[in-house]
Amino acid sequence: MLDSAPLTEVASREVLLEVNNIEVIYNHVILVLKGVSLSVPKGGITALLGGNGAGKTTTLKAISNLLQAERGEVTKGTISYRGERVQDLDPASLVKKGVIQVMEGRHCFEHLTVEENLMTGAYTRSGRAEVEADLEMVYQYFPRLKLRRKSQAGYTSGGEQQMIAIGRALMSRPETILLDEPSMGLAPQLVEEIFGIVKSLNEEQGATFLLAEQNTNVALRFAHYGYILESGRVVMDGAAQALRENPDVKEFYLGMSDEGRKSFRDVRSYRRRKRWLS
């Protein structure tokens, strides 16, 4: 668990990525994101939380400029990286600026070996010695991949494929990694292992993470700051420790209450009405 000293330090760092009041529409008619704003500080782990369909993946794809392939577009607001507007860049140009996305579902090249998959992440780089050094760095964080480096990726486990996907992203030497649902389909022990490696990469390599995750419990144990999405809107944000201790978050996202309200927004509306009546 992260203590208060690193949290204070992270909060004071420069903002690398800023999303300001964006709206996203699919097929020119379906409004998916409605005024979403968030900030990602340099060297932090920021969690984007919420249930299935809340808009987490769409937010990441808006940042990484992958919406057009799905007939989506940012119609309002701005996305900036290091103070520069980046929402009109193509994905490859954004990678060159240091931002890369690890897609939901891992997406390995099944017929390539583990090592060949990793090396595809360095295709834009020159300097063989540096690439080889980074490959060894990836193997240090994922020793299981080194043992399986000659195996076809399609025959590795789900946890190993998630490691391949993160390792491949690291091979591009990113400054910021957008990590989409890293726990999906994995056993709890593997989830802990993956998040532990994310924490190590953050602390030891200075990697900045924005991760979208349904598993609120584990995400808030490793993140510094969190945003909660419902139906395409940010309904709450705050330091991870504060969110973990918030009674509404405990009820709706950590499974610590059985009162049965339908949504987090219902609670907020109920409490506003109660204060007004009193």
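Mentor: The lining of the largest pocket has 13 nonpolar, 7 polar and 2 charged residues. Here Ala, Val, Leu, Ile, Met, Phe, Trp, Tyr, Cys and Pro count as nonpolar, Asp, Glu, Lys and Arg as charged, and the others, Gly among them, as polar. This is a predicted model, where local features need pLDDT of at least 70 and side-chain atom pairs pLDDT 80 or more, while totals for chains, interfaces and linings use all residues. Numbering starts from 1 along each chain as its sequence is written, and side-chain values use heavy atoms, without hydrogens or water.

The largest pocket holds about 530 Å³ of space. It is lined by 22 residues, and the closest to its centre are Val-95, Ile-100, Gln-101, Met-103 and Arg-168. A pocket is an open set of points on a 1 Å grid where a 1.4 Å probe fits, with protein on both sides within 12 Å along at least five of seven lines; lining residues have an atom within 4 Å of a point.

Three elements, α3 (91-96), β6 (99-102) and α7 (158-170), each give at least two residues to this lining. Helices (H or I, at least four residues) and strands (E, at least two) are DSSP runs.

For reference, the second largest pocket has a volume of about 250 Å³. Its lining divides into 5 nonpolar, 4 polar and 3 charged residues, including Ala-62, Leu-67, Glu-73, Asp-88 and Pro-91. Strand β4 (residues 72-81) contributes the most there, with 3 residues.

Key
Grid points are joined across faces, edges and corners, and a volume is the space filled by probe spheres set on the points.
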